[in-house]
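Subject: The structure I promised you

Hi there,

Here is the structure for you to look through. Please open it beside this email so that you can find each residue as you read.

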Amino acid sequence: MATMARWCFQHRAWVLIGWLALLAVLGVTGRTAGSTYSDALTLPGTGSTTAQNLLEQAFPGHAGDQETIVWRTSSGSVRAPAVRDRITAMLDKVVRAPAVASVTSPYSARGAAQVSQDRQIAYATVIFNAPQASLPVPDVTRVVHLAEAARAPGVQVDIGGPAVENALRPSVGISAAVGVIAAAIVLFISFGSLLAMLLPLATAIAALASGLMTTGLLSHAVTIPSAAPTLGILIGLGVGIDYALFIVTRHRSNLKAGMSPKDAAVRALNTSGRAVLFAGTTVCIALLGMLVLRISYISGLGIAAAITVLFTVAATATLLPALLGFLGKRVLSRRERRRLAAGGPAEPGTAGWWTRLAAFVQRRPAPLAAAAAVVMLVLAIPVLSLRLGSSDAANDPASTTTHQAYDLLATGFGPGFNGPLEVAGTTSTPADAAAFARMPEEIGLRLLGRIIDWTGNEGPVELAKLEALCLSLEGSIHNASLTPRGSGRFRRTLAGAMITLSGAILTVERAPSRRTGAKARKSGPKRPFTKAR
């Protein structure tokens, strides 16, 4: 490390020119070649991948992402002539838009069930001709603009779906800028020198830019998801500033001890630089460990992050000593330079606010350790309410059209409507086809049977909660149903089940004992299922 640091310090102009040339080449190449990020999550050997392959084979051009245009009237029905004419004109434009394969309107016979029971909310399904990862963003935003153009007083129109979420996703540039500004403030307070503050930032930004551009070029050869640049920015800013901070801090201490700028930089790289090299290597190995999972999506994230960390270590070991050579003793504040000139060198760690703080902590270890533990426990309280799961449009900002569409569907068709299950299969005989068409109804009946058993084993359940459960189930199964006829049978069966189940619960609440109530719950509602089927 000492030899490399000394060479970079002495040939600082060439080192700087080399980094600028690297950034220019990567920038021009990246702009010419572009990037081919892919969010296709494939899990070989799983049922979801097999189902997707079946859809692509059986319905080429219609196996793309499905978006939903939802509208609600503040008064009246969505079937009112004025609303119908306005929405139909919009859907006619959407179906002719680029990348759109088909549109199913609630005003058609096929989509007649796409209207809520109160007739105030309806939706249309828009199927693109390719998965979200392969759709051009301008084609998706055009559909969004066409849908939003149909808004009018008393008519709310929103659109949601994975492709729309991706197209409307805010840029990470603002988040990165906020992070850089916050880091600059902290560094300036710590160093008291503008130039010393800029050194870690410049090193991190150079490494981050080169790493992100390399990741974009590498996406042509390796599957890298679109979230990789975001992950690279988060990790690159963190480790880039951190690694450079180690070396700059040691370099400043060496200057205060009376070393020349050259010797101070070489000593800093030969000590803190070794720690940076070891830490960066460890982080890269840990990130590349994602390759063991053999899932291309996750492997791409690990590769992109590892590339960013690799460039960070390279910039810290080469570009930073060159910049230290340009600045000389100006990495110290004016007050520190005057103090050094007047009082001479000082042993590291013998003066300063941090030294006094360390001495204070050493004198009172027990109470300060207890106070720190209490603070950490208080900060960790939200972990007790942590809920893990896959994010959807409900996690988008409340003002976005995707979140509004999510809420409209949940309001009109039940919370479960936003989480449908798609079932794909092959049939060889008419009996197989008939059994496949009956499957949504049978699944719904079995799930309702489990709900009945649950109410019998777990005690009384509020009627409102059970009705919400049934409504959610109705939305999910209806959305997965393959035929309007099967959907209608399930709706009628579900309605009868809810009435009987509601009576059973009322019987439970009025029963004199838990045993008698449990018997009524478990036996009362089961007869209508056999009759309805």
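Below is what was found in it, topic by topic.

A few ground rules come first. This is a predicted model, in which local features need pLDDT of at least 70, side-chain atom pairs count only at pLDDT 80 or more, and totals for chains, interfaces and linings use all residues. Residues are numbered from 1 along each chain as its sequence is written, and side-chain values use heavy atoms, with hydrogens and water left out.

Let's start with the salt bridges (a side-chain nitrogen of Lys or Arg within 4 Å of a carboxyl oxygen of Asp or Glu). How many does a search of the whole structure find? The search finds two. In one, Glu148 pairs with Arg151, and their closest N and O atoms are 3.8 Å apart. In the other, Arg151 meets Asp158 at 3.0 Å, N to O.

Is Asp158 buried or exposed? Buried means under 20% relative accessible area, exposed means over 50%, and partly exposed is in between (1.4 Å probe, protein chains only). Asp158 counts as buried because its relative accessible area is 5%. Arg151 is partly exposed, since its value is 36%, and Glu148 is partly exposed too, at 27%.

Next, the strands. Helices (H or I, at least four residues) and strands (E, at least two) are DSSP runs, numbered from the N terminus. Strand E4 (residues 155–160) is mostly covered, with five of its six residues buried. Strands pair if DSSP finds at least two bridges between them; E1 (residues 66–73) and E4 run antiparallel and are joined by six. Within that pairing, Thr68 stands opposite Gly160 of E4.

Finally, the surface patches. These are made of residues with over 30% relative accessible area and no salt bridge, where like charges are joined within 9 Å and nonpolar side chains (Val, Leu, Ile, Met, Phe, Trp, Tyr) within 5 Å. Trp353, Trp354, Leu357, Phe360, Val361 and Leu368 make a nonpolar patch of about 580 Å². Which helix gives the most to this patch? Helix H13 (residues 353–363) does, with five residues. Leu368 sits in helix H14 (residues 365–379), and this residue is partly exposed because its relative accessibility is 31%.

Enjoy exploring!

Best wishes

Methods: Areas by Shrake-Rupley, 256 points an atom, 1.4 Å probe, with all protein chains shown as cover.
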